[in-house]
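Student: I have a model open and would like to understand the words used to describe it. Could we go through them together?

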Amino acid sequence: MTSRFPVFAVTFAAVYAAVYYFAVDYNWALFSYGPAVGKWTLFTAPASAGPTMYWYGWIATAALSGALAGLVACLLPTSVSRHLWSGFAWLVPMGAMAAFAYLLSGYWTR
Amino acid sequence: MWIALVITHGLSAFLLLGAITHQVVSVWAPVRARAGNFVARFRAVGSANYVNAIIVLYIATMILGAILYTNYRITARLTLEQGRYWKSFGAFELKEHLIAIGLATLPAYWYFWQPSQDAEHARTRSMLTTLLAFVIWWGFLTGHVVNNIRGLGT
């Protein structure tokens, strides 16, 4: 691939998927939300009352990481980026999906 | 409000489901000759024409779902936990993560459906479409089941 956009898109998809899995597993949320009180908190700070939602924060962490990695990949010389395999755009996300299915498998074996 | 939102979310998902299903079938079983019967016509759609609509519908459906999630978290999810509907609970947890991952593939999905990429990246295009189709079908079916157990806004 010699054009910049596909380099960004493939890198973004792959890095986002990988980071998203670890963000969920290790709770690397950029911010959190308390639906019972309607308040946002930074990182994983708990809500003042009721449950704390981390999903938005996990997506933000993964999106930011993917975007940064994508931009770095775009800065690489063409001689390097042309070797980037387009299949990473689906292979890594599929791997992450399978990893989540395994992570949550306990719910289907209870 | 929540009932209106969940209905709109469902309708948006329904449109998305139709579009991606047409596209994934046409990718794996394209029609070469003139389409005669219903199945052949289903396969013969101009699948590239669905790309932008799928992207817009995916993002719109996800945004609606993200809003609904705040209500789900303090209502329906409690019903699932207290009723020990663990399989449905786990399926919905997986839905959240699949939808989030599917979002990341949209830029690549858009690019590899461009006409200039027709021959060179056919496999990548097929696999990205299949991945999105799986995510969307899982999300639709899981959301429907969970809403049957405990509807939002009820």
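Student: Happy to start at the contact between the chains: how many residues does the contact take from chain B and from chain A?

Tutor: This is a predicted model, and in it the contact takes 33 residues from chain A and 27 residues from chain B. On the side of chain B that touches chain A, α3 (51-74), α5 (86-104), α6 (106-112) and α7 (122-149) each supply at least two residues. With 12 residues, α5(B) gives the most to that side. By class, the side of chain B that touches chain A has 17 nonpolar, six polar and four charged residues.

Student: Why are α4(A) and α5(B) called roughly antiparallel?

Tutor: Their packing angle is about 170 degrees, with the axes 10 Å apart. Angles over 145 degrees count as roughly antiparallel, and α4(A) and α5(B) are therefore given that name.

Student: Which residues meet where α4(A) packs against α5(B)?

Tutor: From α4(A) come A:P93, A:A96, A:M97, A:F100 and A:A101, and they meet B:L94, B:H97, B:L98, B:I101 and B:A104 of α5(B). This contact divides into nine nonpolar residues, one polar and no charged.

Student: Which residues of α1(A) and α4(A) meet?

Tutor: On the α1(A) side they include A:A9, A:V10, A:A13, A:Y20 and A:D25, and on the α4(A) side they include A:F88, A:V92, A:A96, A:F100 and A:L103. The residues of this contact divide into 16 nonpolar, no polar and one charged. Asp counts as charged, so A:D25 is that one.

Student: Back to chain B: what does its secondary structure come to?

Tutor: Chain B has seven helices and zero strands, so from the N terminus its elements run α-α-α-α-α-α-α. Buried residues make up 40% of its 154 residues. Among contacts in chain B with a separation of 6 or more, 77% are between residues 24 or more positions apart.

Student: How confident is the predictor in chain B?

Tutor: The mean pLDDT of chain B is 88, and 87% of its residues reach 70 or more. For the model, ipTM is 0.92 and pTM is 0.90. Where pLDDT is low, the predicted coordinates should not be read in detail.

Terms used: Residues numbered from 1 in each chain as written. Chains lettered and ligands numbered in written order. Predicted model: local features only at pLDDT ≥ 70, side-chain atom pairs only at ≥ 80, totals over all residues. Contact = placed C-beta atoms within 7 Å. Helix = DSSP H or I, 4+ residues; strand = E, 2+ residues; numbered from the N terminus. Buried ≥ 20, exposed ≤ 12 C-beta atoms within 10 Å, placed from the backbone. pLDDT = per-residue confidence, 0-100. Axes fitted to C-alpha atoms, helices over the stretch in contact; angles between N-to-C directions. Parallel < 35°, antiparallel > 145°, perpendicular 65-115°, else oblique.
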